[in-house]
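The stops below go from one selection to the next.

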Amino acid sequence: MVQPMRETYMRYEERGSLAAERRRQAGGRAATAVPAAAGRGAAARPALGAAGAEEGGGGGGGGRSPPAGPGGGHPRGPSPRRAVPVYTLNLRVFWPLVTGLCTALLCLYQALRGGAAGEGAAEAGSVPLLKGSALLLLGCLLARCCGAAGGGPRPGGVRAAAAAAGSRRSALESFYARQLRLSPHVLGHSKAHVGRVVAELVRAAKAQGLQPGPLALSLRGDFVRIGSAYEQHKVRSPDCFDILVPLRLPPHLEPQPRCADGLGPRGAFVCGLRARVGWPRRYRPFAEGFCVELQGRSHLSSGLVLRWFQGHLQRCLGAVRYRLQERCRISLSACPGRPPTLHILPCSDYVCCHISMAVRLIPAIPLGDALYLTALPPEGPQAPPAPEGLWGLNASRQEQRLLSWLKEQAPASSCHLKCLQILKGLRDLRGQGLEEPFCSQWGRVLSSYVLKTALFSLLLQGPLEAWDERFLVERLEDLVLYLRDCLRKQVLMHFFLGNASLPEAVALPRFLKEAAPVNLLAAFDGPTLDLAAFQLINTWIQAPHVIRMYSSPRYLRPALTPCRHVAEARQEPPGE
């Protein structure tokens, strides 16, 4: 038996020596062939040219070889290796798995011990079993808490937060682009067309209202463009505009602020135009036609002036309609206690946008320094009417000057007006899901004038460079939080009345500097403001959901009032 094993071993040794000899011979042939191949490659390289380059870098087997080093040899350095996958331990799965495994082992140990010791021993060992299981579970929870506290923020949590922020910004940008942003081309055409029509109407009204003597009202002959359409923050559609039409009054009327007297609505600046003592006798017809008694003195009546203004424009509409019949069709509508509304329907071949527009023509009493007094809008159907001898203050020209100054000082890509537009859009969407009576209160509490006042106050608190377009979500959140704090404190002061912190470039008239400050939220009670603050924060937190849910046409409520501007006038004063 030993002899066959020896023969087998000898045959394996012979095969191994033969294999080694073959390898040595192959190595010698390769060594003698390398110089010849190098010589032939050097001689043939000039003749190959581009063809050789294409063959070396093209397809075929050459593309799978590693790149050659200098001189045609092997590449320098180690050959590239395949990346080794790195696996991380999932602690959310690891610790429950370890706890379950240890509990199973403990149960198995107790079962085996109980089976061997009998029934009494099993009952006695049940208590250690529960204690051991509780200790294992407590150790698992402690290890997970320590790992979460000592490991810092998890990459998955950071990625989730970044993804949520990106999703919120994407939803807001899409909402702004699809529903809020106005085309500058369409808005420009609409404003130009409104300007031409109103200019024709005002010119005709001034010509017809000229009478000798100061015994009647008349138009000054110009008009002032105010409101969001002319301040670059109007949303959705350029179909509503506000125009102030200054009137010419007889002398001997002096303004008198009446906020401290408790007259008029709360949360608004009210002023009376009182006739001076010793009016000449020739002014008595004017006083009988346009003045009312208030606290024993004769005051100019806003209601009587408004009714005269409506009738005067209606009488002048026929001549203007005839001159504009090739451009558009116009009509005038009036609601009780509100300024008249001029409806303009462009002809098919005149305006490219073909939008039916409503222009609110507001009679205004000029005070000088671009300040005007306008009639106070009714607070609501159940609110008592304000005395006719009181007027409201309109400082739209000062707001336009402030916006122009902010545009010059802020970065070119500032997002402050965009924040205002998005917040107005979210307010309107959220109002569609609220029930009365809070629905109407929601629009009044967060009126466009209140939102604009909060934006002005926030803009002057920090550097304007922080309002760059990159920080849109952060600045919008700051505006929401600032409004939330104002609603909880029930205080948001008028921005121009008695404000000493305005920049020097925005010069205020003396009338505004000496006026008493006014709290714009004084007209609302505490529970209403608290509920509005809660709904505001809830709307901001659920902004993507609110946009998806209430952007559907089935949530749009039909208008219940015949006048287009009635609903807007309940939410904001004229020109805002």
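Contact here means heavy atoms within 4.5 Å; helices (H or I, at least four residues) and strands (E, at least two) are DSSP runs, numbered from the N terminus. This is a predicted model, in which local features need pLDDT of at least 70 and side-chain atom pairs count only at pLDDT 80 or more, while totals for chains, interfaces and linings use all residues. Residues are numbered from 1 along each chain as its sequence is written, and side-chain values use heavy atoms, with hydrogens and water left out.

Now select α9 itself, residues 396–409. Its 14 residues should span 20 Å at 1.5 Å a residue, and the end C-alpha atoms are 20 Å apart, which agrees; the expected span is 1.5 Å times one less than the number of residues. Colour S396, Q398, E399, Q400, L402, L403, W405 and L406, the buried residues of α9 (buried: under 20% relative accessible area, 1.4 Å probe, protein chains only).

Next, select strand β10, residues 357–368, where nine of the 12 residues are buried. Which strands pair with β10? Two strands pair if DSSP finds at least two bridges between them.

- β3 (residues 240–248) runs parallel to β10 over seven bridges; V245 has P363 in β10 as its bridge partner.
- β9 (residues 341–346) is antiparallel to β10 over four bridges; T341 is bridged to R360 in β10.
- β11 is antiparallel to β10 over three bridges; G368 has L371 in β11 as its bridge partner.

Finish at the hairpin of β10 and β11: two residues lie between the strands, and D369 takes a positive phi near 60°.

Definitions and conventions. Buried means under 20% relative accessible area, exposed over 50%, partly exposed in between (1.4 Å probe, protein chains only).
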